[in-house]
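Please look at the chains and then read on.

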Amino acid sequence: MTKSVTVNVAGTTPIETSEAGTPKKETPRAANGKPDLSGVYDVSFGGGGGRGGRGPATDGPELKPGAEKYRVVRPAEDTGIYSDCMPLAGPQAFSVPYQFQIVESAHSVAILYGYPGTFRTIPTDGGPHPADPDPTWMGDSIGHWEGDTLVVDTVGFNDKTEINGFRHTEALHIIERFRRPDANTLQYEATMEDPNVFVKPWTVARTFSLRTDLAKVDEFVCEHNIDYTKFFEKK
Amino acid sequence: MKLRLMALAIALGTMPLATPGFAHHSTAMYNMTNPVTVTGVVKRFEWVNPHAYIYLEVTDESGKKVEWQIEMMSLNHLKSYGWTHATVKPGDTISCTGGAAKSGDPAMLSSLVKLADGRTIKS
């Protein structure tokens, strides 16, 4: 992982540099002065197709009494959370070794997920959520800026997804924070609350890298998914 | 059937293959710790997600032709390794190294492919 150091010289503005000593490129800005988050990112550390993995939960989750059933327990011969190609919600959507693309415009931000070919459109013009949103896989998102941080509030989830090994109800509420401290880095934080499942909100944090070699995410259509369980040892 | 098919595969020893960040499904149904190599003629190459497939006609010791289903990574990974939809074509003789299905079916999750031109490429 690239480490950063700050060079302080008396009488000058500190300059962020990478470990290699080259100055970090500044955060690009949109016409309205806000950070322009647009770009293709993943959690790769150079080359390859990107690496997946969940972000560590920094605080919890702690299940309410009687909510143990929301903890996902997989049998040994399970093909895993991603094997059905269904959409992934909140931070889980960023836990796969695929790229995602942010497209920012003056009144909205779109996130295009390379896997499994889903997208979110996040209005940033101050409008509210629908009064009683229909449940969806990705939820209903609205965004606003707090300084240089894009804060995205999402409700209206169905109860078919899991996040960091926990299922949830339709009462799930996620607040995500996106920051681009320099051109090549996207910092992400997601706080989950569900009064039916969790004692208190819990947070995961991730850092993504800009894929300077990619201008867009690839098409992904899960057209040839098979029953992988048939390849387990016959009993 | 399992034994006969395994007999034609060349065991590479006990060194496990490096499995890349494999997100789409668990690899537990494949024997990744004891990789094998199969050599045959490409019948079809499916450039599709969530995994590309090569269908390889392998001739066993008795002369019987068996079609192996060779699973590879998803297209974004393959592209990063240098693959395109034209990297292999029907009629090519290639070798695939990977973990065979624990079920004994002629199926494999391939990690390395030796192409018809002699190049070896991650898969």
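Helices (H or I, at least four residues) and strands (E, at least two) are DSSP runs, numbered from the N terminus. In chain A, the loop between β9 (162–163) and β10 (166–167) holds A:Asn164. Phi of A:Asn164 is near 50°, a positive value in a residue other than glycine. A residue is buried if 20 or more other C-beta atoms lie within 10 Å of its own, exposed if 12 or fewer, and partly exposed in between, with C-beta atoms placed from the backbone. A:Asn164 has 19 C-beta neighbours inside 10 Å, so A:Asn164 counts as partly exposed.

This is a predicted model, in which local features need pLDDT of at least 70 and side-chain atom pairs count only at pLDDT 80 or more, while totals for chains, interfaces and linings use all residues. Residues are numbered from 1 along each chain as its sequence is written, and chains are lettered from A and ligands numbered from 1 in the order in which they are written. The predictor's confidence in each residue, from 0 to 100, is its pLDDT. Chain A averages 87, and 83% of its residues score at least 70. Over residues 1–9 of chain A, however, pLDDT stays under 50.

A:Cys85 also has a positive phi, near 65°. A:Cys85 sits in the loop between β3 and β4 of chain A, and is partly exposed, with 18 other C-beta atoms within 10 Å.

Each chain also has a cis peptide bond to describe. In chain A, the bond joins A:Tyr115 and A:Pro116, with omega about -5°, and A:Pro116 lies in the loop between β5 and β6 (119–123). In chain B, B:Asn49 and B:Pro50 are joined by a cis bond with omega about 5°; B:Pro50 is in the loop between β2 (30–46) and β3 (53–59). Most residues other than glycine have a negative phi, and most peptide bonds are trans.

A nonpolar core is a set of buried Ala, Val, Leu, Ile, Met, Phe, Trp, Tyr and Cys residues joined through C-beta atoms within 7 Å. In the largest, of 37 residues, A:Ala89, A:Phe100 and A:Met192 touch the most other members. A second, separate core of 25 residues includes B:Met72 and B:Trp83.

Chain B has two helices and seven strands, and 38% of its 123 residues count as buried. Two residues are in contact if their C-beta atoms, placed from the backbone, lie within 7 Å. By that rule, 29 residues of chain A are in contact with 24 residues of chain B.
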